[in-house]
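Subject: Structure for your review

Hello,

Here is the structure I said I would pass on. Please open it alongside this message.

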Amino acid sequence: MITLSRTGAAENVALITLNRPSALNALCRELMLELSENLLKVEKDQSYHVIVLTGSEKAFAAGADIKEMAKLEFADVFENDYFTNWDTLSHITKPVIAAVNGFALGGGTELALMCDIVYAGENAIFGQPEITIGTIPGLGGTQRWPRYVSKSVAMEICLSGDRLGAQEAKEDGLVSKVFPVQQLVGEAVLLADRIAKNSPLIVKTVKRSLNSAYQTSLNQGLEMEKQLFQSTFATNDRREGMSAFAEKRAPKWTSS
Ligand code: HXC
C-alpha cells in the first residue's frame, strides 16, 4: 500500500507514495503501519536527505478508512490506542514535502498538515468532513488549521465539512504553490533537490528552529533560534559553508 523509491538529481530524495487505489488511499491501519515503517526507514538512512509524500492523481488520501472505523467502539480507539503510529510523520526530522493531487480529506488533509511544505495540484481538494459523519478531526486538524490559516477559515472548514480547492488553499496560506496535476510531483522533487543541496545537518536545524515557532512563545522561540544559530558555529558544515563562499567554490558538506 506504500511504495518507496529513490529520486532527485543526486538520488537522495525519498518518494513515498500512498498506493491503495481501490479506496482512494483511505488510511486503514495496515497502510498507516506501512507508512510509519517507511518513514522511519528513510529517517534512519543517511543517504536520504528529503522526503516527498504523494498519492495518486485522483487522491492524496480520502481520509481515515470509514468502513474500518465504523466497527470500532470507544475502547478500541481509547484503551487499545487504535491510532498508534499515525503521527510518525510529525516526528520526522528530515524535511517532508507533501505533493497533493485530488482528494485530501479528513486524515488526508491532516497528513498534509504534518508535512513541512505543501505543494498542490490544480485538482487538489482539502477538507475536514469528519463533522458530517459524526466525529471530529483526530490527527491534528483542529490544532494545525488555526495555526496555519485564520481562525475563521479553520472554524469554517472543521464545523461545516466544506471543501477547499487548491487555489483557495493557496490564498489561505495552507499551500505554498499550485501546479498542473501532471507536473506536481516533478516540481516537488525539484524543490527537494534545492533543499538537498544544503547541509543535511543544518537543514534539520532550520526545521527544528522553525517548528518551535508553533510550540513556544515568541521570546522562547527567539532564544531557541539564537542557541541553534550559535550551535552551527560548532559544526564543520558552518566552517565549510563560509570558507567555500570566500573561496568562490561549491561547499562539500560532511554533516558534521
Ligand atoms: C473508506 C473510502 C473512503 C474512506 C473513499 N472510499 N473514501 N473507503 N474510507 N474515507 C472508497 C469508497 O467507498 C469507494 O469504494 C471507493 O473508495 C471510491 O470512492 P467513491 O466514493 O466511489 O468515489 P467518488 O464518488 O469519486 O467520491 C470521492 C470522495 C468520497 C468524495 C472522496 O469517496 C468520500 O466522500 N469519501 C469519504 C471522505 C471522508 O469523509 N473522509 C474523512 C474520513 S474521517 P467502493 O468499494 O464503494 O468502490 C477521517 C478521520 C481522521 O479521516 C482522524 C484519524 C485519527
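Below are notes on the ligand site and then on the cysteines.

Please keep in mind that this is a predicted model.

Ligand site

The ligand is surrounded by 24 residues, and A62, A64, I66, K67 and G107 are the closest of them. By class, the shell holds 13 nonpolar, five polar and six charged residues. Three elements each contribute at least two residues to this shell: α2 (66-69), β6 (103-105) and α4 (107-114). The largest contribution is from α2, with three residues.

Some N and O atoms of the protein come up against the ligand as follows:

- G107: a backbone N or O atom is 2.8 Å from an oxygen atom of the ligand.
- A62: a backbone N or O atom is 3.0 Å from a nitrogen atom of the ligand.
- K58: a polar side-chain atom is 3.3 Å from an oxygen atom of the ligand.

On its own the ligand has 1,000 Å² of accessible area, and the protein covers 68% of that.

Cysteines

How many disulfides does a search of the whole structure find? The count is zero. For C115, the closest cysteine sulfur belongs to C158 and is 17 Å away, which is too far for a bond, because a disulfide needs the two sulfur atoms within 2.5 Å.

Regards

Conventions:
Residues numbered from 1 in each chain as written. Predicted model: local features only at pLDDT ≥ 70, side-chain atom pairs only at ≥ 80, totals over all residues. Heavy atoms only, no water. Near = heavy atom within 4 Å. Polar contact = N/O pair within 3.5 Å; in protein donor to acceptor, adjacent residues only side chain to side chain. Areas by Shrake-Rupley, 256 points an atom, 1.4 Å probe, with all protein chains shown as cover. Helix = DSSP H or I, 4+ residues; strand = E, 2+ residues; numbered from the N terminus. Nonpolar A, V, L, I, M, F, W, Y, C, P; charged D, E, K, R; others polar.
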